Amino acid sequence: MNQAEEKRGKFTVAKVLQYICIGLLAFINYFLVSLVLIPFLGDSVVVQNVVPAVVVGCVIALAFTPAIDSFFVLLKRLKPFERIEEHEKRQYSDIDEKYHSFLAMLQETCNEQNINMPKVYIAHSDFPHAFFVTDRVFAVTLNFINGLTLDEQKAAVLHEMYHVKNRDVQLLSVADAANVFGGIVTWILTAVLSFLGLSGSINAISASASGDTDSAHTGIALLIVAWMFRGLLALINWFVHVLTLGISRSGDYSADEFVADAGYKDALVSYLQKMSSLDPKQFEGYAVEMWKRQVAPKARINHIMAYSPKALLA
């Protein structure tokens, strides 16, 4: 058993932190849902505890099912290869042939790793990257297919498959679903609080004109609290993104060791060297955002160059 396989499935510090992150994401969304419901349904025990828990539980459960796949495909604007416009394909030589070679390699690698063949979609970006959106959906850019050798592609695919086998992808799907859900709830709450604050400020102006200073102060205070909550929620969302970033990065070195043990150390180094020559800031799209979640290529190269594959030591 190689080093990467020995690490897989164990509750390392990184794995424990991953589950803590998921717990924090669930709690933040539970808190947000509670705040949204109180203005409409009151502050009873059911509203404060039961309903938010059921809503958040359903969202998390949904993230583990195929039902979430179509949502992410739509949200990330992914397309099947067959729906790519011909003028986009003409930018790359023999892209149809290269795509089918990539599919054959992906199917072969899935068979080797005992992973079900995912549905493959094209991510709109000039950045060369391939990644699992969920454990059932795989996204790849045309530049990845066109600009890398099959061995380099397989090294990158094996890296991503390790994250599936280690359940990092599944956890990240939950985190992404929680981020999206939390963002929606945040905007709803902001709208509700802003509306209540605006109504309160209008009442405050009327109260001031009539000499009711208590009502005036209450309306102004409500408006201030509304905008304070908006700032707090923005901070919470930023923190959630930081947690999500930590989830995806924690297993990158182990994933690279997994690739090396599979016999693709040189191909991985070659791939990472090509990627290190690119500046992600010069690219746009979901693919480059997913790449930014990973450890920097130069750090990964240094790590894997110092690593001796178990297959060679045996």
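Predicted model: local features only at pLDDT ≥ 70, side-chain atom pairs only at ≥ 80, totals over all residues.
At 3% relative accessibility, Tyr271 counts as buried, because buried means under 20% relative accessible area.

**Around Tyr271**

What is the relative accessible area of Trp291, and is this residue buried or exposed? Trp291 has a relative accessible area of 5%, so Trp291 is buried. Phe144 is buried too, as is Tyr271.

Phe144 sits in helix α7 (residues 142-147) while Tyr271 sits in helix α12 (residues 265-276), so the pair ties together parts that are 127 residues apart in sequence. Tyr271 also pairs with Trp291; here the ring centres are 6.3 Å apart with planes at 80 degrees, so this pair is edge-to-face. That pair links distant parts of the chain as well, with Tyr271 in helix α12 and Trp291 in helix α13 (residues 286-291), 20 residues apart.

Here are the two pairs side by side:

| Pair | Distance between ring centres | Angle between planes |
|---|---|---|
| Tyr271 and Trp291 | 6.3 Å | 80 degrees |

Which residues form one aromatic cluster with Tyr271? Phe144 and Trp291 belong to the cluster, together with Phe102, Phe127, Phe132, Phe138 and Phe283.

**An exposed residue**

Now look at Asn302, which is placed in helix α14 (residues 297-305). Asn302 has a relative accessible area of 58%, and exposed means over 50%, so Asn302 counts as exposed. Along the chain, Asn302 and Val269 are 33 residues apart, and their C-alpha atoms are separated by 9.3 Å.

**Helix α8**

At 1.5 Å a residue, its 16 residues should span 22 Å, and the end C-alpha atoms are 22 Å apart, so the two values agree. The expected span is 1.5 Å times one less than the number of residues. Most of α8 is covered, as 13 of its 16 residues are buried. Just after α8 comes Arg167 with a positive phi of about 65 degrees.

**Spaces in the structure**

How many cavities of 30 Å³ or more does a search of the whole structure find? The search finds 3 cavities. The second largest cavity has a volume of about 50 Å³. Its lining includes Ile22, Asn29, Val59 and Phe181. The largest share, 4 residues, comes from α2. By type, the lining of the second largest cavity divides into 9 nonpolar residues, 1 polar and no charged.

The largest pocket holds about 510 Å³ of space. Its lining has 22 residues, and Ala123, His124, Ser125, Asp126 and Gly285 lie nearest the centre. Helix α13 gives the largest share of this lining, 3 residues. The lining of the largest pocket divides into 11 nonpolar, 4 polar and 7 charged residues.

How values were computed: Residues numbered from 1 in each chain as written. Heavy atoms only, no water. Helix = DSSP H or I, 4+ residues; strand = E, 2+ residues; numbered from the N terminus. Buried < 20%, exposed > 50% of the residue type's maximum accessible area, 1.4 Å probe, protein only. Phe/Tyr/Trp six-rings, centres within 6.5 Å; stacked < 30°, edge-to-face > 60°. 1 Å grid on protein atoms, 1.4 Å probe; cavity = no way out; pocket = protein on both sides within 12 Å on 5 of 7 lines; lining within 4 Å. Points joined across faces, edges and corners; volume = space filled by probe spheres on them. Nonpolar A, V, L, I, M, F, W, Y, C, P; charged D, E, K, R; others polar.
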